[in-house]
Amino acid sequence: MEVLISVKPLLAVSVSLIAAFFIALTGERARNLREFWTISASVVKFGIVISMLQPILEGKVIEYTLLSITQGLELKFRVDALGIFFAITASFLWIITSFYSIGYVRSLNEHAQTRYFACFAIALSATMGVAFSANMFTTFLFYEIITLCTYPLVAHKETPEAIKGARRYITYLLGTSIAFQLLAVFMTYSAAGTLEFSNQGILNNVRGQVSDTFLIITFILFMAGITKAAMMPLHSWLPAAMVAPTPVSALLHAVAVVKTGVFVVVKIVLHIFGIDLLSQLGLGTALAYFASITIIVASIIALKQDNLKRRLAYSTISQLSYVILGVALLTPSGITGSIMHIVLHAFGKITLFFVAGAIYVAAHKTNISELDGIGKEMPFTMAAFTLGALSMIGIPPLGGFLSKWYIAIGSIEAQQLPILLVLASSTILNACYFLPIVYAAFFKSEQCQLLVSKETEHQQLPPTLTLTPSLKEAPALMVIPLVLTAIGALVLFFAPSVFLELARMVVAGVIN
Amino acid sequence: MIEHAAILIIVIPLLASFFNLLIGLWRKRLCYPFVVAALGLNVILSISVLNTVINSGTISYRLGGWAPPWGIEYVIDHLNAFILAIVSFISLIVAIYSKKSIEQELPGKTVYFYTIYLLLVTGLLGITVTGDVFNLFVFLEITSLAGYALIAIGRDKAPLASFNYVIMGTIGACFYLLGVGYLYIVTGSLNIADLAKLLPELYHSKVVLAAFAFFMVGVAIKIALFPLHVWLPDAYTYAPSTVSAFVASTMTKVGAYAMIRIMFTVFEPRFSIEMLPVTAILGWVAAAAMVYGCIMALAQTDLKRALSYILIAEVGYIVMGVSVANRAGFTGAVLHILNDAFMMACLFMVAGAVVYKTGSSNIQNLRGLHKKMPFTMAAFTIGAISMVGIPPTAGFFSKWYLILGAIAAQKWLFAVLFLLSSLAVAVVFFRIIQNVYFPPNESTPHPNPLPQGERGNMGGNPTIPPPLTGGGKGEGEIGLFSHEAPATMLIPIFIMTAGILLLGMFSGKIISSVIQFTVPGGF
């Protein structure tokens, strides 16, 4: 494999870090200039990431060693197919989210906007760091940075509820990463003498020198330590984190943070253990069934959530485990489906969160039971919601179908037919908790006159997009992004070629 | 001058201590620049010594030209050159920091403070450079006496805390002296190098065994190794902020150095590891210290007290690294001496700045403080993150080696306890950080501040000045420095914070140029 040495991965990581510095420097005095930094950083970041795509598709990898701190601890970036896959997803959605964020925080006149945008930018830097990391140390470093810089975002509202949610957030994420993940990293290093990801799996390379028990314990510690993947029973930080402003929930708790979690799980399965080792130990199957439990249980819990964002959160928990389930099958199609689900779920779920935020801004509603007839007032928003929901359920022609299809084939390849049952029942459950919302929004009669009562409570209702008198859409800065992501979910079904190609390259790399 | 650097490092602060008193009688204001200048000179000297050692190996300096073992010899190898640089650097930084804090906490006593402070520095540096066990005792006593005095001038129960420390410290010193005496009886020598040559034949002598036991217990009291730590939390809590910052970051570290010296230079490593199960015992004691320190820290409501208990845990980390008796563990221990000195200095200086601005180090006083002291609190956060051991801060890298050492020695329990204690430290600090940035019980600082009447009954500590209004409009509108600690406090804090961030990055370099040579043979 040809290796290119290039500083680009470092640039992709640092551009938003630099932007965060300028955002903090600009502060509240020049809001537009501050937002300019965010937007330009997101565009530049996406540009850098895209510029690395071509060499990767040609089968090369890009490496850059920033700092070799001491033996075994290197700050090193390596851009491979899996990394660029995740990076494209996150950096593209950051552009859209940036616009949406601006619309959101300005409509609601949020406080501490500078902190908000700065932390957001750092979080994206760290996400790129995880995507491009070449070894487990770099991954761990950026994993922790994500936790630390998203903590202020979760606590953003500074209400007792927000602070409580943020405390739970940091307790789960930081606590498990120190107690379990770090120990697993130490065990890996002491067994393998390196933390550098390898296609065969670094622990596979030292098979025979360490006992099976040791490997199993290491694996369990890793899985328990990567709480960002929100696998049950360590999932409850995610619903708690829903107190954050909606753009944060949208990009970070549906894409960047949680996808970092499943991305690291995929990395550990493929590059630290390797599929040979895991299938010999039978850990792949165990993980698949464990993920299946999360898929089903989280969906059932989602059914009875009335708060829209909480329902979405449980849906996310369930969907994240699809990624884990797919990769745990350890078969080509399973892995392809798993990786594809990272991007396909991202587009669907971010749309749904955007919608939740738009409804909150335009109508100040957070509960599903209040959404009757809202489709008539917010047709674009709710149309986007419908597309997103259909993608979640996995109905063609929407992206979500593709990944489920691959995972289903993967389960046949792995001869784990019960997994098919899990997929089927999860699809039904998904339909059960999403379709009623769509139905209520469009077909139930409008029950409450939202604006009359609300307008008195909130003196300054945000400026609304009024095309016709009956439309009460959120500002255009919010509606356009959510329509775009919904269209994205649609487009990905018809043109998944680049992502599919990248996923195939990952599979080709790990399966010989 | 450079060939006399070894002795000048001791002579400069000692003479400065006396001259400081004279200068103070004449012009009080001149004391501060004089002390800073003297310690600055010392830093340059100790760094040049470190440089010489790195380039041309161990330095041996004969006092008055008397050949050892009859005369006193100063021996500086990689290990003590390293400690020397740390102690003199921190002494300078803390001296710079001391100005405002001392003026506020000890009005009218500044001259005496600096005099004793310089004596303390002399003692610590003396322990580090000397190659003679009795001379080490002398410096140990200088250190301790200066320490008692400095702690006793603190607030509240400081005299009582200091008295406890005097009793414990004297017992420790006695034990150490008994050890010296026993060794002198059987060998007739006090020179470390000489003792190292003479002792192996006498390893089975009961006198030597007793001497070793006395040494270990004596030093263990000095470094506050659990369960001989009881004097420390009170003493470091009630001491003046400057004193806490200095003694917490250096005194236990120099004690740990003395312990390493005795275990691996005066006695051979095989004696401490194989003949007596000292390292095994120390390992368990250290593990207990790690757990105990962190758990006690969880229960504290005073920042300085919480830090003191964490210090007990940190001493446990260092001793644990030594006790596993392998290269990784020892490297981690020595690296942690450096990192912990920086972290402790940083955090205690932050605590001092909080005391300076709010009047007490109660954790309640930190509530919402990031609005008034954004830079100090940022430094605190970085120090805390390093204490927890999150990369890329320095704390992670020493923990990396310490845990690898524990794993290499097959001490899995220690590795687990280590991470659990990191977890406890994380809880301690994040509770405080949350208090600082997202104060509980305070209603949302939304654009419209609450009416005055409602602000009054929010409860909380009456000493807290009313919260700044206009917070909702963003941080940018408040003058960032208007409520900050003065520059003489802030700049040293920044230097330590920068150190915490940079040392981690350069730990590989530090290990390859200094620490790898400190590892005793046979590890």
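**Figure 1. Packing of helices α4 and α5 in chain A of a predicted model.** Helix α4 (residues 81–108) of chain A packs against α5(A) at an angle of about 170°, and their axes lie 9 Å apart. Helices (H or I, at least four residues) and strands (E, at least two) are DSSP runs, numbered from the N terminus. Axes are lines fitted to C-alpha atoms, for helices over the stretch in contact, and angles run from 0 to 180 degrees between N-to-C directions. The angle makes α4(A) roughly antiparallel to α5(A), a description used for angles over 145 degrees, whereas those under 35 count as roughly parallel, 65 to 115 as roughly perpendicular and the rest as oblique. Among the residues of α4(A) that meet α5(A) are Phe86(A) and Trp94(A), while α5(A) contributes residues including Tyr116(A) and Phe120(A). Contact requires that C-beta atoms, placed from the backbone, lie within 7 Å. By class, this contact has 10 nonpolar, four polar and no charged residues. Ala, Val, Leu, Ile, Met, Phe, Trp, Tyr, Cys and Pro count as nonpolar, Asp, Glu, Lys and Arg as charged, and the others, Gly among them, as polar.

**Figure 2. The open sheet of chain A.** Three strands with mixed pairing are arranged in the order β1-β2-β3; two strands pair if DSSP finds at least two bridges between them. Strands β1 (3–5) and β3 (73–79) of chain A stand at the edges, each with a single partner strand, so one side of each has no neighbour in the sheet. From one strand to the next, the twist averages 35°. Strand β2 (residues 61–70) of chain A runs antiparallel to β3(A), and seven bridges join the two. Tyr64(A) has Phe77(A) in β3(A) as its bridge partner.

**Figure 3. The side of chain A that touches chain B.** Here 34 residues of chain A are in contact with 35 residues of chain B. Helix α7(A) gives the most to this side of chain A, with 13 residues. The residues of this side comprise 18 nonpolar, 10 polar and six charged.

**Figure 4. Confidence along chain A.** The mean pLDDT (the predictor's confidence in each residue, from 0 to 100) of chain A is 88, and 95% of its residues reach 70 or more. Confidence is highest in α6(A), at 93, and lowest in helix α20 (residues 450–457), at a mean of 47.

**Notes.** Residues are numbered from 1 along each chain as its sequence is written, and chains are lettered from A and ligands numbered from 1 in the order in which they are written. In this predicted model, local features need pLDDT of at least 70 and side-chain atom pairs count only at pLDDT 80 or more, while totals for chains, interfaces and linings use all residues.

Methods. Two residues are in contact if their C-beta atoms, placed from the backbone, lie within 7 Å.
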